[in-house]
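Please consider the chain shown here, together with its three-dimensional model. The paragraphs that follow lead from individual contacts to the overall arrangement.

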Amino acid sequence: MPVFETLAPAFATIMMLASAPACPVQGAVDVDVRLDQRDSAYVTNLTAQQLTAKYGLDPDSTLSTDGHWMVSGVTVVSEGGLSAQTKMSFNILPDYKNNTACLSVDKVEYEVQYAPKIYIAQDYKDMGCRYSATLMHEKRHVQTDVRTFSDFFPDIAKSIRNSVQRMGAKGPFPYAASPDMQKRMMAQINEDLKPVFDRLVVLRRKRQGEIDTEANYLRDTALCPGQFPKFDGNK
């Protein structure tokens, strides 16, 4: 009788899970949030005109250009320079008698991967003071980023712990489903982290915008009197 042959395996699985002992509750989870900073060589083969055309309107690089200022230096993360990676380890409690398992989260590692690329306009190649002043300005951007990430790490860790507690321990479920269950739990944590990472980006843009102001541009320019290139695009 085909109908009963189709239903019998599913019924047997339900009975097996119902008879399995309850899983332990999710305990405290170990959360490690850290920064992986990777610096690269400064890029000096583009003119200020080229930098302005390429990054003048990029909200994640130069945040203040009003048409009167050329982009003579810029710190860029919009080309894969800012991302994050989540790693998780789990406690798996198998019940070999029933071929089931219980699953809970043991540790979550969240790594902000920061690889800024600093550009200095080629126009400054023979202007030591302006080159140094521009580089110092861009290094302030990097320092501000590092401070911002550090300030936000507690919020990231809190989000992870809350996600783990909301999910709780999983099971009992068929042991063969363990890998899929781990993927689903990691996907849920990453989904919960998206709005947190979005808030981090907003805060970063705000703090970077406080550096890229007209007053700061004027101050940086005044450090090197007489060193003001034509910005005519010539290399």
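**A guided reading of the model**

The side chains of His141 and Gln208 make a polar contact at 2.3 Å. This value, like every other one discussed here, is computed from a predicted model. His141 is a residue of helix α3, and a further polar contact, of 3.2 Å, joins its side chain to that of His137. Is His141 buried or exposed? Its relative accessible area is 3%, so His141 is buried, the limit for that class being under 20%. Beyond residues up to four places away in sequence, His141 touches Thr75, Tyr114, Gln208, Ile211 and Asp212.

Asp60, located in the loop between α2 (48–55) and β2 (73–76), is in contact with Thr75, Val77, Ser78, Val201, Arg204 and Arg205 when neighbours within four places in sequence are left aside. With one of these residues, Arg205, the contact is polar and joins side chain to side chain at 2.8 Å. Asp60 has a relative accessibility of 16% and therefore counts as buried.

These residues belong to a chain whose secondary structure consists of five helices and six strands. Read from the N terminus, the order of elements is α-β-α-β-β-β-β-α-β-α-α. Of the 235 residues, 42% count as buried. What share of contacts between residues at least 6 apart in sequence joins residues at least 24 apart? The share is 80%.

The surroundings of Ile160 give a local view: apart from neighbours within four places in sequence, Ile160 is in contact with Val31, Val108, Tyr110, Ile189 and Leu193.

Covalent links form the next topic. A disulfide is a covalent bond between the sulfur atoms of two cysteines. How many disulfides does a search of the whole structure find? The search finds two. When the bonded cysteines are numbered in sequence order, their pairing is 1-2, 3-4.

Because Cys23 lies in the loop between α1 (2–19) and β1 while Cys102 lies in strand β4, the pair ties together parts 79 residues apart in sequence. Both partners fall under the 20% limit for burial: Cys23 is buried at a relative accessible area of 17%, and Cys102 is buried at 9%.

The other disulfide joins Cys129 and Cys224, whose sulfur atoms are 1.9 Å apart. For Cys129 and Cys224 the torsion about the S-S bond is about -80 degrees, so this disulfide is left-handed. The link spans distant parts of the chain, with Cys129 in helix α3 and Cys224 in the segment after α5 (214–222), 95 residues apart. Is each of these cysteines buried or partly exposed? Cys129, with a relative accessible area of 31%, is partly exposed, whereas Cys224, at 3%, is buried.

On the α3 side the contact is made by Arg130, Ala133, His137 and Arg140, and on the α5 side by Tyr217, Arg219, Asp220 and Thr221. These residues of the contact between α3 and α5 comprise two nonpolar, two polar and four charged. His137, one of the α3 residues in this contact, is also the residue whose side chain makes the 3.2 Å polar contact with His141.

How values were computed:
Residues are numbered from 1 along each chain as its sequence is written. This is a predicted model: local features need pLDDT of at least 70, side-chain atom pairs count only at pLDDT 80 or more; totals for chains, interfaces and linings use all residues. Side-chain values use heavy atoms; hydrogens and water are left out. Contact means heavy atoms within 4.5 Å. A disulfide is a pair of cysteine sulfur atoms within 2.5 Å. Helices (H or I, at least four residues) and strands (E, at least two) are DSSP runs, numbered from the N terminus. Buried means under 20% relative accessible area, exposed over 50%, partly exposed in between (1.4 Å probe, protein chains only). Ala, Val, Leu, Ile, Met, Phe, Trp, Tyr, Cys and Pro count as nonpolar, Asp, Glu, Lys and Arg as charged, and the others, Gly among them, as polar. A polar contact is a pair of N or O atoms within 3.5 Å; within protein, one must be able to donate a hydrogen and the other to accept it, and residues adjacent in sequence count only if both atoms are side-chain atoms.
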